[in-house]
Amino acid sequence: MYNNKNSFAYQSAHTFLARVVVVGAVFLSGLIIARLLGPDGKGIVSLFQALTAIVLPLAELGIRQSTAFFIGKKEYPESDIYSNMQGIYSTASITSVVLLCIMYWNLGYFQKYNFFVCIPFILIAPFTLFESYHNGVFIGNKMVDKINYAALADRCSTVFLLVIFIWFLKLGILGVGISYLAGKLFGFAVIFYWLIRRISFSPAFNVSLWKGLIGKGVVFAVALFVIQINYRLNTILLGYFKDAGNVGIFSIGVNFAEVLKEIPLALGLVLFSRSANWNADSAKESINKVMVLARILLFLMVFISIILGIAVYFLIPFLYGQEFTPSVTVTLFLLPGIVMLSVFLILNLFMAGQGRPDIAIKVFIPAILINLFIGFWIIPLWNANGAAIASSASYCCAAIFYVFIFCKMYNVPAKDVLILQPSDILRIKSYCKNNKQLNEHFT
């Protein structure tokens, strides 16, 4: 068995298994919140998380990706990259907290849900940013397994804390906020432990390096911001048109459907780390590798989505109770979009590793407009199901737009990205027998 810790096979398997546990922990967290707080409580938590998910990509400034990019390309000394990254992080953390406070105030959340309930959700931002920024160090050095350990510490501890704070201590939504914040502290501790001997945590200011990191990173940040807006837009629209209960119903469907996203994200994270170190001389070979991965993954996603679509009929009522039964149809409406989104995620993470995150902006801006048009029309009529339909349609459009641009850029037919080929079946069998070949394919 080929188990080099820097191999594509090892890191992909490690990341996938870690994400399985992380998804399980996130699933348990959502289950505990839904069971103990009901649709309204779950909806309020989802609204808080939606705001954070919109603000953080801007505050991240794409530094995780640009740090990984510059480490991989070796354009600056690593010690200089680390110290200047700390300076950017300090500025971004303060800015994120201020922005969230402004948003909570303008939306009336401080008055409606109590100031002390909101504060833990706001304070999560700096620790999430710490994790994101410093993950760039791990990605650039092809140490993706360290990212997995931090995520495991965060999500698994959160489950344990939720049981204490909202089950035993009955602190409700405040208990959820405290649990999430404490979980982030555990993740922070793991990252700090791994990096304390490797990098300096003292901030520095070098105009040239700040300009390089932010200049490259801001495109990553805008791309991620646009993507996150599309992911969370219908949660906010649903909260605007309907009540927190509908948001809770929608969020359970999203949680189930987005389990599938973990597969391309696991592979894509390792692929991003690899592609940041690929050069132009091997471009044709690299593109072929990505297309093989995209079409095999799409085939697997269709198969898995069918199984999940059948399973939710039994799982959601059993796990969450009959009041969440409407989440079944929400999940079914979301699945086609999530399946198509897997192709986008693989292609986009490859292109981002090559320094081209701007393509995601080009495809997701029209996708957002489609999402808005369908959402404003159908959410008032079909509630959570309408939000799911709008989301799924926008995901499909984004994936199709991205495939079109990718194929045009590299002059390859769409079938080479989307349709499984006979050689792929042989390749899968070969990889199953000897995963050393998988590493060699993506090195």
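Val 343 is found in helix 12, which spans residues 327-353. Helices here are DSSP runs of H or I with at least four residues, strands are runs of E with at least two, and the numbering goes from the N terminus. Val 343 is buried, at a relative accessible area of 1%. On this scale buried means under 20% relative accessible area, exposed means over 50%, and partly exposed is in between, with a 1.4 Å probe and protein chains only.

This is a predicted model, in which local features need pLDDT of at least 70 and side-chain atom pairs count only at pLDDT 80 or more, while totals for chains, interfaces and linings use all residues. Residues are numbered from 1 along each chain as its sequence is written, and side-chain values use heavy atoms, with hydrogens and water left out.

Back to Val 343. Leaving out residues up to four places away in sequence, Val 343 touches Leu 298, Val 403, Val 417 and Leu 418. Contact means heavy atoms within 4.5 Å. Val 343 and Met 291 are 52 residues apart in sequence, and their C-alpha atoms are 9.3 Å apart in space.

Next, Ser 305, which lies in helix 11, residues 283-320. Is Ser 305 buried or exposed? Ser 305 counts as buried because its relative accessibility is 11%. Apart from neighbours within four places in sequence, its contacts are Leu 260, Leu 335 and Val 339.

Phe 225 sits in helix 8, which covers 207-241. Phe 225 and Leu 58 are 167 residues apart along the chain, yet their C-alpha atoms are separated by 6.1 Å. With residues up to four places away set aside, Phe 225 touches Ile 54, Pro 57 and Leu 58.

Now the totals. The protein has 16 helices and 0 strands. Of its 443 residues, 57% count as buried. Among contacts with a separation of 6 or more, 84% are between residues 24 or more positions apart. The accessible surface comes to about 18600 Å², and 69% of that belongs to carbon and sulfur atoms. Accessible areas come from the Shrake-Rupley method with a 1.4 Å probe, and for residues only the protein chains shown count as cover.

The search runs on a 1 Å grid over the protein atoms alone: a cavity is a set of points where a 1.4 Å probe fits but cannot get out, a pocket is an open set with protein on both sides within 12 Å along at least five of seven lines, and lining residues have an atom within 4 Å of a point. Grid points are joined across faces, edges and corners, and a volume is the space filled by probe spheres set on the points.

How many cavities of 30 Å³ or more does the whole structure have? The search finds 2. The second largest cavity has a volume of about 40 Å³. Its lining consists of Tyr 231, Thr 235, Phe 250, Val 254, Ala 257, Glu 258, Leu 334, Ile 338 and Tyr 395. Helix 8, helix 9 (244-257) and helix 12 each supply at least two of the lining residues. Helix 9 gives the most, with 3 residues.

The second largest pocket holds about 280 Å³ of space. It is lined by 14 residues, of which Leu 47, Tyr 109, Ile 236, Gly 239 and Tyr 240 are the closest to its centre. Helix 1, helix 4 and helix 8 are the elements that give two or more residues to this lining. The largest share, 4 residues, comes from helix 8.

Helix 1, residues 8-60, also contains Leu 36. Leu 36 is partly exposed, with a relative accessible area of 37%. Together with Trp 167, Phe 168, Leu 169 and Leu 171, Leu 36 forms a nonpolar surface patch with about 510 Å² of accessible area. Patches are made of residues with over 30% relative accessible area and no salt bridge, joining like charges within 9 Å and nonpolar side chains (Val, Leu, Ile, Met, Phe, Trp, Tyr) within 5 Å. A salt bridge is a side-chain nitrogen of Lys or Arg within 4 Å of a carboxyl oxygen of Asp or Glu.

Last, two backbone angles. Asn 114 is in the loop between helix 4 (109-113) and helix 5 (115-140), and its phi is near 85 degrees, positive in a residue other than glycine. Asn 114 is partly exposed, at 39% relative accessible area. Asn 383 has a positive phi of about 55 degrees, although it is not a glycine. Asn 383 is placed in helix 13, residues 358-410, and is partly exposed at 28%.
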